[in-house]
Amino acid sequence: MNILDLVRENIKTLMPYSPARDEFTGKAAVYLDANENPYPSPYHRYPDSHQYQLKNIIAGIKGVKQENIFLGNGSDEAIDLLIRAFCEPGVDNVLIPQPTYGMYSVCATINGIETKSLQLAQDFDLDISEIENSYNRNTKLLFLCSPNNPTGNLLSFEKVIHIVKNFKGLVVVDEAYIDFAENGGFLPYLNKFPNLVVLQTLSKAWGLAGLRLGMCFASVDIINILNRIKPPYNISKPSQQIAEKYLTEESMKENYVRLIKAERQNLSDALSMIKAVNVVFPSDANFLLVRFYDSQKVFDHLTSVGIIVRNRSQQKGCEQCLRITIGTPAENKTLIDELQKI
Ligand SMILES: *Cc1c(COP(=O)(O)O)cnc(C)c1O
């Protein structure tokens with residue numbers, strides 16, 4: 001499979017913008033090439049558009065090569081760039097098993113790309129034959145989310161691999177919540193499958209949603225294409241510096257994960273005892289999908305006492321469901337106390 005055959009024609013032939021600092025590599029005494037302000041401040045120079053230092057740290061943590069990493073202003077930027085690189089407006093389409101994260105289809109629509117939707121199976125896992133019946137030769141991207149938002153489950157490993165092997169486009173596996181899962185994700189399989197793309201983020205387990213740093217891992221061909229079309233300085237210097245600092249403290253992330261997973265179990269147990277609750281779905285993420293008997297009533301009550309959860313009951317397959325992020329023990333207790341009043 002040649003990835004370059006999948007790229008949009010205008011991107012294949014694109015002459016990318018070349019930032020000033022790319023025209024000269026090395027160390028110089030005097031930089032008069034980028035119209036920066038010459039008077040020193042921590043930020044008077046443009047940041048490294050390749051984020052070499054940060055990628056080096058991420059490569060070490062994730063056990064992948066630098067050239068297999070693309071960094072975005074949140075993983076949302078990677079989602080957008082993947083669609084823009086591979087999908088011809090008015091011609092191509094993306095396939096999205098639902099219910100899932102809303103950004104895939106929003107990004108597709110913004111870019112004039114048709115979304116083909118199908119339902120996940122009853123247990124929120126993949127239905128292989130449904131998927132194979134749903135794509136056509138213009139389907140360039142298949143978005144899979146594992147653990148899935150908002151349902152919380154991991155997708156079956158074997159089914160994902162089966163699809164990656166058989167689908168003739170890119171399979172994007174969004175692993176925003178993988179740190180909270182019992183099984184590892186698909187990073188170890190990058191080298192085997194040139195059409196596999198894995199998305200991760202610093203927004204969840206690492207506790208850095210405000211930083212906006214998303215990671216995209218894929219074969220060199222795919223990464224090079226994303227680099228050709230990204231805004232040159234998409235990761236600011238403060239973002240790079242802060243990420244470098246926090247990423248060297250992996251034990252902090254591990255600690256967050258341990259706390260949140262323990263609370264996930266506590267909250268799940270407590271919710272199961274609440275009369276208003278119908279089903280607490282199992283979760284490999286940092287949230288619980290909960291089916292109530294009357295989700296609107298519960299949502300309204302929680303809102304009225306200042307507790308905000310995500311109402312997912314309009315999504316097909318998530319009828320009467322609220323998605324509840326795991327909070328601190330105190331926050332979770334406040335939630336349970338209020339639910340007991342209903
Ligand atoms: C939260 C989340 C993200 C994170 O997006 P960022 O832009 O990196 O903050 C990505 N995918 C899914 C499914 C999410 O739930």
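**Close-up 1. Ser75 and other residues around the ligand.** In this view, a polar side-chain atom of Ser75 sits 2.7 Å from an oxygen atom of the ligand; a polar contact is a pair of N or O atoms within 3.5 Å, and within protein one must be able to donate a hydrogen and the other to accept it, with residues adjacent in sequence counting only if both atoms are side-chain atoms. The protein buries 93% of the 390 Å² that the ligand exposes when taken alone (Shrake-Rupley method, 1.4 Å probe; for residues, only the protein chains shown count as cover). This is a predicted model, in which local features need pLDDT of at least 70 and side-chain atom pairs count only at pLDDT 80 or more, while totals for chains, interfaces and linings use all residues. Residues are numbered from 1 along each chain as its sequence is written, and side-chain values use heavy atoms, leaving out hydrogens and water.

Close-up 2. The side chain of Ser203 has an N or O atom 2.6 Å from an oxygen atom of the ligand. For Arg212, a side-chain N or O atom is likewise 2.6 Å from a ligand oxygen atom. There are 14 residues around the ligand, and Asp174, Tyr177, Ser203, Lys204 and Arg212 come nearest (a residue is near if one of its heavy atoms lies within 4 Å).

**Close-up 3. A stacked pair, Phe157 and Phe186.** The ring centres of Phe157 and Phe186 are 5.3 Å apart and their planes are at 10 degrees, so the pair is stacked (rings of Phe, Tyr and Trp, the last by its six-membered ring, pair if their centres lie within 6.5 Å; planes under 30 degrees apart are stacked, over 60 edge-to-face, the rest tilted). Phe157 belongs to helix α7 (residues 157-166), and Phe186 to the loop between β5 (170-174) and β6 (196-201), 29 residues apart (helices, H or I of at least four residues, and strands, E of at least two, are DSSP runs numbered from the N terminus). Phe157 is partly exposed at 33% relative accessible area, whereas Phe186 is buried at 4% (buried is under 20%, exposed over 50%, partly exposed in between; 1.4 Å probe, protein chains only).

**Close-up 4. Ser49 in its loop.** Look for Ser49 in the loop between α2 (20-23) and α3 (52-62). Ser49 is buried, with 8% relative accessibility. Beyond its neighbours within four places in sequence, Ser49 is in contact with Pro19, Asp22, Lys230, Pro232 and Tyr233 (contact means heavy atoms within 4.5 Å).
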